[in-house]
Amino acid sequence: MTHSASMIKLPWELLIKELEHIPTEIKLHLTSIINMLHTSDKLLTQEKWISTSITRVEACLDRTWETLNSGYWKDVPIEYRYCYSLCTVVKAILLELQYKVTADNLKDKEKEKIVLKNIINQIDRGILLGAPLSSVPNLLTNIATKLNNCCIEDSGATNIKEISINHEGTNFLISNNPERYFEKPSMETFYNKIFMPKFPAILTGCISHWKALTLWKNPDYLNKIAGTRTVPIEIGSRYTEEDWTQHLVNFSEFLQNHIIASNSQIGYLAQHQLFEQIPELKEDFEIPEYCCFSDTEDSDDVNSPEVDVNAWFGPANTLSPLHFDPKHNLLSQVFGYKRVILYSPAETDNLYPYDTKLLNNTAQVDPVRPDYDKWPNFRKANGMTFYLKPGEMLYIPPKWWHHVTSLSPSFSISFWWN
């Protein structure tokens, strides 16, 4: 058995170049292991060398993890994120080698599946915490996709044909601004009546062709595509409360424990770039053409604005506190129902934003249960309420305050752009 027989194929020469971009303290350990994996066949069958190498790489991951968690995420030196990615790739190769060397001659399918899932979990942590390697930016994503495909045939079915959504009362969810509804608006209408005025609007009939609208309601489909993957979820009522925390969990566990079954703790896969992590899901929807309009007046820029695409998937009663974002947003409802309460930037003083740097885009007032004794000026605030239904998109202009509540299990995609 040699590393050429590995399911994970690696561009070793490029990985060796990547060693130049990581901290010296880690580079010393990784260089010898990568060189050995690249050039030696003999040591790759020796259980002791593999085991020792895994221990060394795990020590490197632990050291890198400490740096990644030592302060604000945006302040983490990029070389440590490159380092986490590179360590992840090396550990994945070593785990596969270890299994092949220690496995019995007769293949144990169940054990192989456990090893595969362990490797995918490690790769996902690299995707979530690391940074794309400059010479091979899609390496981790491609490895995870390939290994996930090996698990798909054996992925356990949930035996539920559709995620249960209580439709009672949804026919009575009528927004209080009927003039802000646009049926399949032309690009010109969107630009003149929605984008340029910077005023919220519901767009209907624009995404009815998305395969996601039918496919994603089926938990077996989601489990097949993403079941083995590790995703970050929020646990707790809202990010402004002390009970709020974040966990990395297996997607199938999240699906089973928080979407299909009722759970005393709300779990929310919120504001996650799921489609960069699992690009197979990109085939089920497309970026709306409306995202091509930009506020920048740079006539030399012939490219469309870059669009950040995020997933929002959770049970009923997930909640995003009243806050604003700096970018344009098309919040697109795949399935389920949401209530969105909006306030214009002109209302900011009536909404009592937090005065901390971390939460200065979040209001202290709760528009659903306002405490007028504490926040008396909120009586003056004029808001708009929209009920977002499956197949609809809500345009939220930059700096507009919005409070979002899921009225049922819900999957939304947000498209943010400048």
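Q: Which exposed residues does the face of H3 turned away from its buried side carry?
A: Lys48 and Glu66. Exposed is over 50% relative accessible area, buried is under 20%, and partly exposed lies in between (1.4 Å probe, protein chains only). Note that this is a predicted model: local features need pLDDT of at least 70, side-chain atom pairs count only at pLDDT 80 or more, and totals for chains, interfaces and linings use all residues. Residues are numbered from 1 along each chain as its sequence is written, and side-chain values use heavy atoms, with hydrogens and water left out.

Q: And which residues of H3 are buried?
A: Trp49, Ile50, Ser53, Ile54, Val57, Cys60, Leu61, Thr64, Thr67 and Leu68. Seen down the axis of H3, they fall within an arc of 135°, so they line one face of the helix. The arc is taken from the directions from the helix axis to the C-beta atoms.

Q: What do the buried residues of H3 pack against?
A: Three helices: H2 (24-39), H4 (78-102) and H5 (109-129). Helices here are DSSP runs of H or I with at least four residues, strands are runs of E with at least two, and both are numbered from the N terminus.

Q: How far apart are the end C-alpha atoms of H3?
A: They are 31 Å apart, which agrees with the 32 Å that the 22 residues of H3 (47-68) should span at 1.5 Å a residue. The expected span is 1.5 Å times one less than the number of residues.

Q: At what angle do H4 and H5 pack?
A: About 175°, with the axes 8 Å apart. That makes H4 roughly antiparallel to H5, a label for angles over 145 degrees; under 35 is roughly parallel, 65 to 115 roughly perpendicular and the rest oblique. Axes are lines fitted to C-alpha atoms, for helices over the stretch in contact, and angles run from 0 to 180 degrees between N-to-C directions.

Q: Which residues of H4 meet H5?
A: Among them are Tyr84, Thr88, Leu95 and Tyr99 in H4, and the H5 residues they face as a group include Val115, Ile119, Ile123 and Leu129. Contact means heavy atoms within 4.5 Å.

Q: On to strands. What is the order of the open sheet of nine strands?
A: E1-E2-E11-E8-E13-E6-E5-E3-E4, with mixed pairing. E1 (181-183) and E4 (245-250) are the edge strands, each pairing on one side only. Two strands pair if DSSP finds at least two bridges between them.

Q: How many bridges join E6 to E13?
A: Seven, and the two strands run antiparallel. Asn310 has Ser414 in E13 as its bridge partner. E13 (410-417) also pairs with E8 (328-335), again in the antiparallel sense over seven bridges, and His328 stands opposite Trp417.

Q: Is E6 enclosed or open to the outside?
A: Seven of the seven residues of E6 (308-314) are buried, so E6 is largely enclosed by the rest of the structure. Asp308, Asn310, Trp312 and Gly314 point one way, and Val309, Ala311 and Phe313 the other way.

Q: What order does the sheet of four strands have?
A: E7-E12-E9-E10, an open sheet with antiparallel pairing. Its edge strands are E7 (319-323) and E10, and the twist averages 15° from one strand to the next.

Q: Which strands does E9 pair with?
A: E9 (338-343) pairs with E10 (383-388) over six bridges and with E12 (401-406) over six bridges. Ile341 stands opposite Thr385 in E10, while Arg339 has Thr405 in E12 as its bridge partner. Six of the six residues of E9 are buried.

Q: Last one: what is Ser406 in contact with?
A: Leaving aside neighbours within four places in sequence, Ser406 contacts Pro315, Ala316, Asn317, Thr318, Tyr337 and Lys338. Ser406 is in strand E12 and counts as buried at 1% relative accessibility.
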